[in-house]
Structures are given as structure tokens and as C-alpha cells.
Amino acid sequence: MSALANLRARWAKTVPFQVLPPLKWAAQQPTYRAAQPTIITDALTRSQRRPSGNWFAFAASDRIGTRPHRVEVGGVELVAWRSDDGALRVGPGACPHLGADLSTGRVDRGALVCPWHGLRLAGDCREFGWRPYPSHDDGVLAWVRLDRVGGEQPTDRPVPSQRPTGVQMAAVTRLVGRCEPRDIIANRLDPWHGAWFHPYSFTRLEVLSAPPTGTEVPPEQDRFLVAVTFRIGRFGVPVIAEFTAPEPRTIVMRIVDGEGSGSVVETHATPVGVDADGAPRTAVLEAVVAHSDRPGFEYALRGAALIKPLMRGAATRLWRDDLAYAERLYRLRAAR
């Protein structure tokens, strides 16, 4: 083995990056023939039939502390906080006494205290009929169960996502667009647009397999398998990833081969409500849960305070573009 080849072999074992040759955007292989609308729409239809148990992801876990946090889900005003033992609490955002905004209150000894008249809310308030909603904290995302909004058979927990075990780093970004949750999911069920619409993030993208069309597809075939190189400037990290829709408002991209195998990117589409013009608003919560077997990954965790903002920044840039995509899907559908 030559000295250069030996150096390349050592580099591949210690550093996951590859130097990418210059590539003109217009010189990429077109993907419009493979991106058949029926494949995408049928995959979307199947995803919308899956149960959710009426659970909605609404915030990153680390955004919820002992200060009340206001959020709206499905047109319902909510307030979230943590009790003294760190448990997540979520309830109606209006005080049952005279309608005060509970997110402007305070948490005292685990109870939420209304800022207008001092009503303490820690659990069911039988006098005024206020009661918290079922909630769940999975360590990355905070969830609430809203049975009237979901309209399905409720479950005790959200549909689980298989996240990496062992050492990991998670970052969550949240944006809101004028569209419906299905438009967010449809965007992610079109992997063919990645390298064209996001050349700053993806290159060398090839859809290795896509699910067949139809309303009934075996679970093992109902996925997209994609070879793609994540771009970081002139460097790239090649991986193979699968895209699945475990429930109506979630897409999971899991790296199945290559650097960071087992890492996942969960895209959750949560209805917020309607704006002043009556258009639907949907929140995108993208949770990146990164994992690597490389020894150096544990050292990277020491710089998590610096790395997580970069992870969130990359996801935010991506979703600013993809929300424009999803919003246009909604406008075209609404016009019809």
C-alpha cells in the first residue's frame, strides 16, 4: 500500500468526512421521473390511517422548566410546567376562575399559581372544573394528549420511535407555517427533492427503493431507502437512511448504514390553530438524535453547548425552505 493510500485508509477510520468534488447544481441527475405523485400520495394516505392515540408533540423537553410555558395545539390554549420532582404537567391555559393567562403565573412548590387571584392548580380543581391533560416526556420531546382534537381511541403513551441507545446528543427545532400537518408529512415522503431543493445540505442522493403504490402495503415495504451524502461545506458524510411514517403526524429518518448508524431525525407536524385569515397553522418540531460508535463522539458531548445550536441552525435553514414547499402544497390544494 502506498503512503497516500495508507493515509486515506487511516483517515477513513478516524474521520467520517469525504472531500466532495465540485458539482454544478444543474448538472445533477433529474429525479422527476422517479418521484411519481402516486407513490407520494399513496404513502401519505397510508400514513394518515395509522393511529396516533391523540398524542401531539408540542415542545422540546428542555424548553419546559419551572416557569410556565404557553403553547397552542389544535386551537387549544395550553400551559406547561414542571412539578418539584421534574414531572411534566400540561393543562388548559386559561384560569377557570376568570380566564387569566396562566402562562403569566408562577410555579410555587410544584403548583401553578394564577397571577390574578392566586388560585393554586396542582391537579384537578373540582371547584372550577379545571383538570390537567395527560402528558408525556420522552426525554427529547414533550407531548400532550388531546382526545377532543385527535378524535381517536386514546392510548397511554405516544407511538414510540426507535431511538439510538447508548451515547447520544439531541437537538430540537420548532417552526410554524401556514399549512396542514399532512403537507409537512407529504414533504418528507418526497425524498427525491433533497439534493435539488437543499443542495447546501444534501448531495449524491439516490432513492434505492420506494414503497409500491396502493392502499395496502406490507409494513416491511412501506419505507423509502435513500443513499445520500450530508454536505458540510466541501466535505460530505455518506449514509444510507430509511424514511418511515409510524403515525399520521410523524416521519422518522433513521440512518441504517454509514456514519452515525442508528441516529434518527424525527419530524413531527403538530396543528396549532388558524390565523386571522382562517388559514391553518402547523408547527414543525424536528428532533435530531445523533449517535456514533466512534470513540471521539463522547468527547464531542463535552462541546454539546456549542454543537446543539449548530444542529438547530442547520435544521432551521432546511425547514425554512421546506415550509415554503409545504405551504405551497396547501395553497394548491385549497385552490382546488
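Accessible areas here come from the Shrake-Rupley method with a 1.4 Å probe, and for residues only the protein chains shown count as cover. On that basis the accessible surface of the protein chain comes to about 17,800 Å², with 54% of it belonging to carbon and sulfur atoms. The model is predicted, so local features need pLDDT of at least 70 and side-chain atom pairs count only at pLDDT 80 or more, while totals for chains, interfaces and linings use all residues. Residues are numbered from 1 along each chain as its sequence is written, and side-chain values use heavy atoms, with hydrogens and water left out.

The protein chain contains 7 helices and 17 strands, where helices (H or I, at least four residues) and strands (E, at least two) are DSSP runs numbered from the N terminus. Its C-alpha atoms fill a box of roughly 80 × 50 × 35 Å along the principal axes. Of the 336 residues, 45% are buried; buried means under 20% relative accessible area, exposed over 50%, and partly exposed in between (1.4 Å probe, protein chains only).

A nonpolar core is a set of buried Ala, Val, Leu, Ile, Met, Phe, Trp, Tyr and Cys residues joined through side-chain atoms within 4.5 Å. The largest such core has 40 residues, and those with the most contacts inside it are Ile184, Leu189, Trp192, Phe224, Phe243 and Leu323. Helix α7 (residues 304-335) gives the most to this core, with 7 residues. Apart from it lies another core, of 15 residues, among them Val140, Trp143, Val264 and Ala283. Contact means heavy atoms within 4.5 Å; leaving aside neighbours within four places in sequence, Trp192 is in contact with residues including Thr31, Ile39, Leu205 and Phe224.

Helix α4 (residues 181-188) is largely enclosed by the rest of the structure, because 7 of its 8 residues are buried. The buried residues of α4 include Ile184, Asn187 and Arg188, and what covers the buried residues of α4 includes α2 (37-48), β14 (235-247), β17 (280-290) and α7.

Asn54 lies in the loop between α2 and β2 (55-60), whereas Arg204 lies in strand β12 (residues 202-209). Asn54 is buried, and Arg204 is partly exposed.
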